[in-house]
Amino acid sequence: MASTSGSVGAEVTGETCSSLAKSSLPPPRPKSPPEYPDLYGKRREAARVQMLEREIGYLEGEIKFIEGVQPASRCCKEVSDFVVANSDPLIPAQRKSRRHCRFWKWLCCVPCLSLASFCCCCQSECSCHLRKPKCCNCTGCNCAGSKCCDGSCCSNICCCPKPSCPSCSCFRGCCCWCPDLSCCIPTCFRSCSRPSCLNKKSSCCSCNCKIRWSSCFKCPKVRLCCCFCNCKNLCSNPYCLAF
Amino acid sequence: MSVSELKERHAVATETVNNLRDRLRQRRLQLLDTDVAKYSVAQGRSPVKFGATDLVCCRTLLGHTGKVYSLDWTPERNRIVSASQDGRLIVWNALTSQKTHAIKLPCAWVMTCAFSPNGQTVACGGLDSVCSIFSLSSTADKDGTVPVSRILSGHRGYVSCCQYVPNEDTHLITSSGDQTCVLWDVTTGLKTSVFGGEFQSGHTADVLSVSISGSNPNWFVSGSCDTTACLWDTRAASRAVRTFHGHQGDVNTVKFFPDGYRFGTGSDDGTCRLYDLRTGHQLQVYQAHGDGGGKLPVTSIAFSASGRLLFAGYANNSTCYVWDTLLGEVVLDLGELQDSHKNRISCLGMSADGSALCTGSWDSNLKIWAFGGHRRVT
């Protein structure tokens, strides 16, 4: 459409265009995005303030409370009086004669019927283990004291069928923990946590890493290796592996 | 109110809180006119002296194939449950050393275990963030797998400690890495109360340990990585009754004193402390000297029946100091006795009648210690 203000056939110049543009809407200019109200941040901040103001109330109450509190010496007296007034099986009073020692020794050498007889024979070849009426067959067993067959004897290596399983324990008829008796190593269960365990079919333990974690979580205070079989990132805390 | 106004109020409130805490700390210092050790010395208390064979290892419980992390006694019947890195709970007859149950756990990363008051169920928890309940009357398959009776789920972090409420088989309390403690109804599996949390007054870091009062089961104390211990009343969960300051490191373990009005703590700062519940006073600090300046973290504690002895396990090979709580002195180290553990002692537990102490260790064993001689105490 020919401009009415310009000569016919004249080249349309920028000036001509700008005059045309001035007569219409102003050119769009980029604007900053609108400031939406930060409701979440405001509410969170308000909650924190409320929590602090509540804490102020509690602290003021605590200061009032402590005005009427007894000094520590009264509490120390209560502790001392309690300790002295109560007997303690681990700190018995002295017995007057050696007959008592014989009594404890006799009691130690019969089947214990109560925890009160959880004593050990003094001056006995069975110094740290009670003499049992029945001993398991401890031939070749690593029992402490040759004539004193502790009840736990059967849980020791004498029952494990495989000499190569020195660290395995026995339970109810000598079964080692590991399903594969040829490989009883203490680290059997720990190795299940390694990522490579997933693809191993027969290893020393059944590495069915059934626990699925969607992501590694922060190492807890106890410094656990928190990443399981399908977790790609090992915790950077070197103590993680100490669990 | 605008965000900037809120931030200004926040700053003012923070300063007020700090000033009030300072005033409280100063006032408490004024009330600390003595401690238990000074008082006992002034009273002329004689020290406890142990002979070489007075406290001995009477039983070694063999069976776990990994580090033992937790143990608990039954209130009666002389049984112990232990939890280990090998992913199993084992129930032991403490007298005969025999295993009565070996439960393979669905999650091997267990951190805590507890016996119910009636001795018929055990609870455990760990990295799976749930507390699992097992009935000991359930039949295990040949792998030792026992079906879970109940799962208490709801924590958003690992379960570090669990304990049944005394004389209540239906309620237990857990502590967690999510900074809260929870009172559970085991029958329904639901939370009864939550103690602490993001916008509630309580711990501000992982909670590592709980101990429930035997004389008043509505009270329990918790220890946390925020270096404090808190006293809670289960009837009012909105905030801690009292917060106990003093430690300079994570509070790893808490245990009630036998009288029910005091409790002990063990911390990464290498000290054990005795606090008074009702006044909030710190009554005694038990700090070992030597071995790194007494900075060995304390992993677990237990009191003897009278409270005269405090057993404390430390984070090095087998050290377990026996403290005379009245005089504040170490009277024995179980780690130096015959048949002691070969690695760190991670958990301790006193039998209900106080006649035996059980220790659990990273050497995969549990040991039972009892009195083996006679001694005079005046």
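Predicted model: local features only at pLDDT ≥ 70, side-chain atom pairs only at ≥ 80, totals over all residues.
Residues are numbered from 1 along each chain as its sequence is written, chains are lettered from A and ligands numbered from 1 in the order in which they are written, and side-chain values use heavy atoms, with hydrogens and water left out.

Let me start with strand E11 of chain B, residues 171–176. Strands here are DSSP runs of E with at least two residues, helices are runs of H or I with at least four, and both are numbered from the N terminus. In E11(B), 6 of 6 residues are buried. Buried means under 20% relative accessible area, exposed means over 50%, and partly exposed is in between, with a 1.4 Å probe and protein chains only. B:His171, B:Ile173 and B:Ser175 point one way, and B:Leu172, B:Thr174 and B:Ser176 point the other way.

Next, the neighbours of E11(B). Two strands pair if DSSP finds at least two bridges between them. Strand E10 of chain B, residues 159–164, pairs with E11(B) in the antiparallel sense over 5 bridges, and B:Val159 stands opposite B:Ser176. Between these strands of the hairpin are 6 residues, and B:Asn167 in the turn has a positive phi of about 65°. On to strand E12 of chain B, residues 181–185: E11(B) pairs with it, also antiparallel, over 5 bridges.

Now the largest nonpolar core, which has 22 residues. Such a core is a set of buried Ala, Val, Leu, Ile, Met, Phe, Trp, Tyr and Cys residues joined through side-chain atoms within 4.5 Å. Among the residues with the most contacts inside it are A:Val79 and B:Leu274. Helix H3 of chain A, residues 72–85, is one of the elements that supply at least two residues, and H3(A) gives the most, with 5 residues. Another core, of 21 residues, lies apart from it and includes B:Val48 and B:Leu357.

Last, B:Ser355, in the loop between strands E26 and E27 of chain B. Why does B:Ser355 count as buried? Because its relative accessibility is 8%.
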